[in-house]
Amino acid sequence: MQSLWQDEEARRYEGELGLRVYTSRLLGRDRSLVLHGGGNTSVKLDVRNRFGEEETILYVKGSGWDLETIEPAGFSPVRLAHVVRLAGLERLSDPDMVNELVTHMLEAAAPAPSIETILHGCMPFKYVDHTHADAVLAVTNTPDGARRVREIYGDEVVVVPYLMPGFDLAQAVARAYRREATPRTIGVVLLKHGIFAFGASAREAYERMIALVSRAEAYLARHRAWDVATPPDPAAAEAVAPEEIAGLRRRISDAAGAPMVLRVRTTAQSLAFARHPEVERLSQQGPATPDHVIRTKRTPMLGTDVDAFVADYRSYFERHAPHAREPKTMLDPAPRVVLDPRFGLASAGRGARDARIVEEIVEHTIDVILRADALERYEALPARDLFEVEYWDLEQAKLRKGGKPPVFAGEVALVTGAASGIGKATVAALLARGAAVVGLDRDDSIATLHDRPDYLGLRCDVTDDAAIRAALRDAILGFGGLDILVLNAGVFGASQAIAEVSPAEWRRAMSINLDANLTLLRVCHPFLKLAPCGGRVVVIGSKNVPAPGPGAAAYSASKAALAQLARVAALEWGADGIRVNTLHPNQVFDTGIWTESVLAERARRYGLAVEQYKTNNVLRTEVTSRDVAELAAEMCGPLFAKTTGAQVPVDGGNERVI
Ligand code: ZN
């Protein structure tokens, strides 16, 4: 473990709160310290209030902020005196505690302060850092963890047995600290949860965290429990058919009651763990720190029997819910983590980002489990403690309020010709509606069109059947299935009268505009059939279908055949719940084909100014790629739920079509 502190970088952050931001980000940057929203930090600062009086304010990480990307606005400014007074109460429920903290902040618009706020307030140090460091979790998730922590740190840390985060934990830590701290004490270890480090400056607290965690790493190394990296497995993953993955995703989505993204991750680590002779004992206890239960659920599913997992989850809920203080509502019982000896790991989430977070947590958890087991024996918290966190009041309250997810949350779309024009705009429109999107294009730029976990750009020539199959396999392994297919790739070709059409040009138009789409439809059909909310296909046709023009025989004929193919698909696939609709755009000038010179040349030919030419339609309006893309996306949504086989113009109104 290395300190990432750099003087030059630190100078870019202003004041004591600025340095609080800086070292929080340094902690967040190291995934072996905190993962996605985990951990929290604080600083106590004297500020002058509106009456000119000096007051100490506890700036503590606000909920909804990630340490890696936190800003000054991500810290909730709570009056320290009130926090300390609260700590003296006999008892305080979580909702009451949150209410007290939120009503004693300096900024009405600040985020709700961390659930650990009272704990931060009780520690007599200016800077307090808290992480769920992998190495500390590996040491403390063992039967003899408490003794080991004392052996590593002596009186430099105070050791506190596990308690649910919140008011009781804050009091327990404050009491233990008063009783056991010495002038040498610089931190606290919470068994099976994480570690705190303190300092008079941001740098001191941060570097003490690094030093403390490094000692846990060194301890593991001394006990031959650090290096658990898996050598590449000689027996590589068995090829699992993409149809099987899509079937699994369908069953998980059905159990969840909503579409889920499923991400397969076949690595030496995930394969070795899924094939571990003791995978059942190692994986079925629970996560290494209780926070993770909200993302991963308590246990992974071993194999692919979703019904059995759901039955187990129900009995876990029914066993523990009656002991809770207030009635609990069962969360969806679908697994979030799948371990299978054939493909290793698969992670599920309501979106690609969630699935990726689950995956990262599992990869860290596997190392923690194997290290704890090499040291002594992995021993997670009892199920009732994990249940308490999974079904925590405040999480349940959030659930009851629950914002509406985006319309395509958990769904997967594939768009062809996605690197430019209408295809590119369609990718953006689908991403904006919450879908995970796979973009295909011949252009290399497709790979880097977006840099986000819900986008996968694949270079693919759609006239190459093998390339289509390979791309689809990558799409299924990346996101688990296919719900939406947008057939957009096409070519216009040179203007040629029928007498002059070269057979090669004709074949090229037919091959790209028609044959490739036939292959795509056929290859995608089994996956669209498995879509949890029904498959949807949008075909980008052309005004030339209802109103062809001279000199564009190959283009018009190929697009007309495509439109007819779409109508037949609508007929054949209706029973599978798949809707197939066609859009006929016209004069979309913000695409690659329409360079400024082509546009000027065309306008001149019609004796119009460029602007007149662009809006040369019934509504006198310009049609953009975005207009077409937005309609394509809407046709996949609830508005068109009862429509299939339709052909809708998006052309500003064309007299010949009307
Ligand atoms: Zn924590």
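Author: Helix α2 (residues 15–29) packs against helix α9 (residues 202–222) with the axes 9 Å apart and an angle of about 15 degrees between them. Please keep in mind that this is a predicted model.

Reader: Why give an angle and a distance?
Author: Those two values, the angle between the axes and the distance between the axes, are how two packed helices are described.

Reader: Then are α2 and α9 roughly parallel or roughly antiparallel?
Author: They are roughly parallel to each other, because an angle under 35 degrees counts as roughly parallel. Their crossing is right-handed.

Reader: Which residues meet there?
Author: From α2 come Leu19, Arg20, Thr23, Leu26 and Leu27, and they meet Ala202, Arg203, Tyr206 and Met209 of α9. Sorted by class, this contact has six nonpolar residues, one polar residue and two charged residues.

Reader: Let us look at Tyr206. Is it buried or exposed?
Author: Tyr206, which lies in helix α9, is buried, with a relative accessible area of 1%. The cut-off for buried is under 20%.

Reader: What does Tyr206 touch?
Author: Leaving aside residues up to four places away in sequence, Tyr206 touches Gln2, Ser3, Leu4, Trp5, Thr23, Leu26, Leu27 and Asp129. Thr23, Leu26 and Leu27 are also listed among the α2 residues that meet α9.

Reader: And how far is Tyr206 from Ala409?
Author: Their C-alpha atoms are separated by 38 Å, and the two residues are 203 residues apart along the chain.

Reader: What about α10 and α19, how do they cross?
Author: The axes of helix α10 (residues 242–256) and helix α19 (residues 465–479) come within 9 Å and cross at roughly 30 degrees. That angle makes α10 roughly parallel to α19. The crossing of α10 past α19 is left-handed, whereas that of α2 and α9 is right-handed.

Reader: Which residues make that contact?
Author: In α10 they are Pro242, Ile245, Ala246 and Arg249, which meet Arg473, Ile476, Leu477 and Phe479 in α19. The contact of α10 with α19 has six nonpolar, no polar and two charged residues.

Reader: Changing topic: what holds the zinc ion?
Author: Its protein donors are the NE2 atoms of His130, His132 and His193, which lie 2.1 to 2.2 Å from the zinc ion. Along the chain these donors follow the spacing H-x1-H-x60-H.

Reader: Are His130 and His132 buried or exposed?
Author: His130 counts as buried because its relative accessibility is 0%. His132 also counts as buried, at 7%.

Reader: What about Lys297, where is it and what is its phi?
Author: Lys297 has a positive phi near 65 degrees, and it too is a residue other than glycine. Its place is in the loop between α13 (293–296) and β9 (301–302). With 5% relative accessibility, Lys297 counts as buried.

Reader: Could you show me some exposed loop residues? Where are Ala109 and Pro231?
Author: Ala109 lies in the loop between α4 (94–102) and α5 (117–122), and Pro231 is found in the loop between α9 and α10. Ala109 is exposed, with a relative accessible area of 76%. Pro231 counts as exposed at 60%, because the cut-off is over 50%.

Reader: How far is Pro231 from Ala272?
Author: They are 41 residues apart along the chain, and their C-alpha atoms are separated by 8.8 Å. For Ala109 and Val264, 155 residues apart along the chain, the C-alpha separation is 40 Å.

Reader: Finally, what does the whole protein look like?
Author: The protein has 24 helices and 18 strands, and its C-alpha trace spans about 95 × 65 × 50 Å along the principal axes. Of its 658 residues, 55% are buried. Among contacts between residues at least 6 apart in sequence, 72% join residues at least 24 apart.

Key. Residues are numbered from 1 along each chain as its sequence is written. This is a predicted model: local features need pLDDT of at least 70, side-chain atom pairs count only at pLDDT 80 or more; totals for chains, interfaces and linings use all residues. Side-chain values use heavy atoms; hydrogens and water are left out. Donors are N, O and S atoms within 2.8 Å of the metal (3.2 Å for Na, K and Ca); water is not among the atoms, so sites may look incomplete. Buried means under 20% relative accessible area, exposed over 50%, partly exposed in between (1.4 Å probe, protein chains only). Helices (H or I, at least four residues) and strands (E, at least two) are DSSP runs, numbered from the N terminus. Axes are lines fitted to C-alpha atoms, for helices over the stretch in contact, and angles run from 0 to 180 degrees between N-to-C directions. Angles under 35 degrees count as roughly parallel, over 145 as roughly antiparallel, 65 to 115 as roughly perpendicular and the rest as oblique. A crossing is left-handed if the near helix is turned anticlockwise from the far one by less than a right angle, and right-handed if clockwise. Contact means heavy atoms within 4.5 Å. Ala, Val, Leu, Ile, Met, Phe, Trp, Tyr, Cys and Pro count as nonpolar, Asp, Glu, Lys and Arg as charged, and the others, Gly among them, as polar.
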